[in-house]
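The following exercises concern the contact between two protein chains. Please examine the structure before reading each worked solution.

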2 protein chains.
Amino acid sequence: MEFTFYNPTKVIFGKGKISELGKEMAFVKKALLVAGSGSIKKNGVYEQVAKSLEANGVEWVEVWGVKPNPTLAKVREMIEVAKKEKVDAILAVGGGSVIDASKTVAAGVFLEDVWNAFEGKAIVKKALPLFVVLTLSATGSEMNRGAVITNEEEKKKWSFVGEALFPRVSIIDSSVQATLPKNQTAYGAIDGLSHVMENYFVGKKEETTLAVDEALMKTMISECDKLMANQNDEDARANLAWALTLALNGISGVGLKGGDWASHGIEHAISAFHTRIAHGEGLAIVFPAWITYVHKNNPETFKRWAENVWNAGTVEEAVKKMKAKYAWWGVATSLRRVGISEAEIPALAENAFQSGRVGQVKQLGKKDIEEILKLAL
Amino acid sequence: MEFTFYNPTKVIFGKGKISELGKEMAFVKKALLVAGSGSIKKNGVYEQVAKSLEANGVEWVEVWGVKPNPTLAKVREMIEVAKKEKVDAILAVGGGSVIDASKTVAAGVFLEDVWNAFEGKAIVKKALPLFVVLTLSATGSEMNRGAVITNEEEKKKWSFVGEALFPRVSIIDSSVQATLPKNQTAYGAIDGLSHVMENYFVGKKEETTLAVDEALMKTMISECDKLMANQNDEDARANLAWALTLALNGISGVGLKGGDWASHGIEHAISAFHTRIAHGEGLAIVFPAWITYVHKNNPETFKRWAENVWNAGTVEEAVKKMKAKYAWWGVATSLRRVGISEAEIPALAENAFQSGRVGQVKQLGKKDIEEILKLAL
């Protein structure tokens, strides 16, 4: 077992903690505030942010309109604003899409063409300091060094990483998520479960990480269940939020050689073609099919997952339980349910294969990806 | 639930990784290498360290002889060396005692009297950069911001904390621990279990942390069991080492208000009076008694601990199983077995009470501490 673990992000968690933002950013002269469609004006988050910045003498300019599956075009537009306004920090106020777009801007101001970093043609060495106020727990981006952006022209939903991309400070007040639509909560939980699974299934003898991962998976399921019954359960909301952060801050992958990530590659193809499909929804469709297809390549770990997470005697039974759970949470678990037919499979498989995320549990060829997508129909 | 999580230590873990030390320290002109009794010259660690430093042009001076329960006198002596030699970094090569002494030196060069930081009369604002090569997994000091030192004159085994005390880099090559005496491995596991328990038992609704803590406790038990059967089990050694780091790097205490720590206060009194008693051994004696005395103050959490960690129907049964496990690992679980009689209890209770670590599950008075020590007889 070998690994490097490094994560310098400071997380400030709890109700009312947005008020601490300005103090943390006090050294900033002018920040670029990045936001989505405007929900932060409705739930009071924007007001808390503005108040805290003002109280600490931090100036800012704003860019709005980052959408789910954030696009390269939007990011480029924001990089121009950041340069023109000579900001010295980026402040992401939103969920994973806003944070990923912000990370890309933070690094992009120092690169000739930021897309080169996604293509592996440029290395990210520096970035503007990044601050985060999280409004939707799901991607874990608030405490990691990666970002995913969609290049719409080339239909590539790809990622890049760099140590400079760790947020300096992330504030998580999970109580602001109580007003989210129910399906957003479920998508978030499925995203987190999928992040843990991408790591976990590579494991064999990494007992500490596997046990922690099982704890995280069980917790995400139990807390999401509680929230489906009562959206205002603040304890469940807080526990789910923290589990989702841990799911992709490095802890869940310790010793697991970078994880598998083929399912994410396949899902990214789906949402690159259909930006209306939420990432969590796509994962709910792909993951059960991927497990069914590959589990015999690492049978002991899949078996302990079935037993320890789903209390199931076989992997097949566990997959059935997982799909039933996702369905109970109101999430589709088949391609047809989101309007994708068999005819599209070759193009999706081709796109996923091009991403290079072909997996570790089993290295997938294009034919394998097609078979998985057929299982997902 | 509210908390701040921040841990910037970079952990480099794996066989042969000591060779990466010099590269990480390349900016250092002259380091103070702090070591214990000389075991690192026998197990090859010193040679690997020296080779890596030389290859990267890092000079160093050495101080040897840090003992378990490191003393203030020894720390003061080392601070003088650090000042005289004008070192710009500290390198701890050893276990928790060496690391804690090194942290105290790193901060102490900037303080008029470092003991003031332990008494709460001085605040640690800066410290020399600290690097660690870990040779004994137990205390978790390799990835946290605290240190424990014994003031022998005043019979005070006390701790201090500060963000400047986080090691910059800790290298953990757990394979070098294969030659440890068996009881050191067991003491390490008991230390880690105790760190998790100090946090866990404060919990009520912090489901994510409680589940992770249970995973860590179960893993420490299973991996220590494997090592008692086969000291050369490298996977078990690596998994135990990482679990022990996680046990006190902040993760196990998220949302738990700083933990309880009364048992540590009581143990510190024992080892302040009897420096021959290992910290892990003292904890094996105190913790079962403390649990027996306080569990009715947070019954649901103690009950889930009994069920989920020890597969026991009652707390009493779990305590019995824990003591049997520790005994099977070759560790004493009563005061009499380490030569402490009832006559000493009032003095020990007085000392523990003075430390101010009186607990959160139940705030202990001097009489309570005496009762716990009687249960530990």
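**Exercise 1: Extent of the interface**

In this predicted model, 37 residues of chain B are in contact with 37 residues of chain A, contact meaning heavy atoms within 4.5 Å. Residues are numbered from 1 along each chain as its sequence is written, and chains are lettered from A in the order in which they are written. Local features need pLDDT of at least 70, side-chain atom pairs count only at pLDDT 80 or more, and totals for chains, interfaces and linings use all residues, while side-chain values use heavy atoms, without hydrogens and water.

Task: State how much area chain B and chain A bury between them.

Solution. Step one: buried area is the accessible area (1.4 Å probe) that two parts lose on being put together, summed over both. Step two: the two chains bury about 3100 Å², with 62% of it on carbon and sulfur atoms. Step three: B:Met1, B:Thr208 and B:Trp242 supply 19% of the area that chain B buries against chain A, more than any other three residues.

**Exercise 2: Charged pairs**

Task: Determine how many salt bridges join chain B and chain A.

Solution. Step one: a salt bridge places a side-chain nitrogen of Lys or Arg within 4 Å of a carboxyl oxygen of Asp or Glu. Step two: the count between the chains is 4. Step three: one salt bridge links A:Lys17 with B:Glu2, whose closest N and O atoms are 3.3 Å apart.
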